[in-house]
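Have the sequence and the structure open as you read.

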Amino acid sequence: MDNREALLGKTPEELRQVVEELDLPGFTASQISNWLYQKKVAGIEEMTNLSKKARAMLQDKYVVGRTTPSRVQTSVDGTKKYLFPAHRNLFIESAYIPEENRKTLCVSSQVGCKMGCLFCMTGKQGFQAQLSAGEIINQVLSIEESDQLSNLVYMGMGEPMDNLDQVLKSLQILTSEWGMGWSPRRINVSTIGVIPAMRRFIEESEAHLAISLHSPFDEERRRLMPIQQVYSIENVVETLREYDFGRQRRISFEYIMFDGLNDTPNHVKGITKLLNGLRCRINLIKFHSIPDSPLKGTSPERMQWFADQLNKKGIVTTVRRSRGEDIYAACGLLSTKTLVKKED
Ligand code: SF4
């Protein structure tokens, strides 16, 4: 088994420590970060402006840390689901969603998830491990369409706010000039509303924020999302009201639609009251059935009706097109529970 440490995911500061320990010249750190994040090499031997000796010393203790996907599935609609090995013999999934005007990658931030949302396959998997910043970045770098990507969403497996240190570090690498130079306006991070971490995210990052709403009513949301017992959606929205997000930064609410459960006129009223005056938009999402769940999805016609009602109330609402359902890449369907990697 290879116990060498990954360079991918390290900041310039951390790379300086690496070169100091190896007694290499200080400027080697910025050369390495350039190879990792701008030239996007997969191996230390490709860092050709480092001396052979420097490369050999690095290779003794380190690897770049890129992993290639173990499996790629393609949907009839062009969506692709990538399976990546993660540490401790586990796997994660990422979904590549090509559309006419944008090419989006949905990345995972954890293996599994501990939040237990009723409608989510990842929640059923339970929590298995945190991903490192390098493992998050690897998903962006190691898909076939890496150079075509225009947007990133942290909406894959896991709750990003439950692994915030690594998520923030990955965002720093993605958006820094020394890193991959992404605009934070092309990145959207989702949360079910873990308030203390959400505050830190708002203060330390400039990426867009998407909140999983799913019901404006306490009892009902508790049944769907256990987090409501700790951080209620009312308190999440009150917290958001404390911040000035400027015109560039977007707050959106994700709303999965369940037939007869959260798609009534009363819910339109409840949402309107909850979000009154907050500059935001709502995305309505089709529920994709999961095994052993009594929940059923709302019909497309009813979803459009719901969107129209909210739009009439002045809340910009769109119905999000469902993608990748046939390969279990659609929202709420990612799971790697049954997959365990064999030891190398
Ligand atoms: Fe976790 Fe998100 Fe699934 Fe809830 S919806 S269980 S937070 S991955």
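Helix 7 (residues 195–204) and helix 9 (residues 233–241) pack with their axes 11 Å apart, at an angle of about 20 degrees. Helices here are DSSP runs of H or I with at least four residues, strands are E runs of at least two, and both are numbered from the N terminus. This is a predicted model, in which local features need pLDDT of at least 70, side-chain atom pairs count only at pLDDT 80 or more, and totals for chains, interfaces and linings use all residues. Residues are numbered from 1 along each chain as its sequence is written.

**Helix 7 and helix 9**
- The two axes are lines fitted to C-alpha atoms over the stretch in contact, and angles run from 0 to 180 degrees between N-to-C directions.
- Helix 7 and helix 9 are therefore roughly parallel to each other (angles under 35 degrees; over 145 is roughly antiparallel, 65 to 115 roughly perpendicular and the rest oblique).
- Ile195, Met198 and Arg199 of helix 7 make the contact with Asn235, Val236 and Thr239 of helix 9 (contact means C-beta atoms, placed from the backbone, within 7 Å).
- The residues of this contact divide into three nonpolar, two polar and one charged (Ala, Val, Leu, Ile, Met, Phe, Trp, Tyr, Cys and Pro count as nonpolar, Asp, Glu, Lys and Arg as charged, and the others, Gly among them, as polar).

**Helix 1 and helix 2**
- The axes of helix 1 and helix 2 cross at roughly 125 degrees and come within 8 Å.
- Helix 1 and helix 2 are therefore oblique to each other.
- On helix 1 the contact is made by Pro12, Leu15, Arg16 and Val19, and on helix 2 by Thr28, Ala29, Ser30, Ile32 and Ser33.
- By class, this contact has five nonpolar, three polar and one charged residues.

**Around helix 2**
- In helix 2 (residues 28–38), the buried residues include Trp35, Leu36 and Tyr37 (buried means 20 or more other C-beta atoms within 10 Å of its own, exposed 12 or fewer, and partly exposed in between).
- The buried residues of helix 2 pack against helix 1 (12–21), helix 3 (52–61) and helix 6 (164–175).
- Just after helix 2, Lys40 has a positive phi of about 55 degrees.

**The ligand shell**
- Among the residues surrounding the ligand are Cys113, Cys117, Cys120, Glu159 and Ile192 (C-beta atom, placed from the backbone, within 6 Å).
- The shell has six nonpolar, four polar and one charged residues.

Key:
Contact = placed C-beta atoms within 7 Å.
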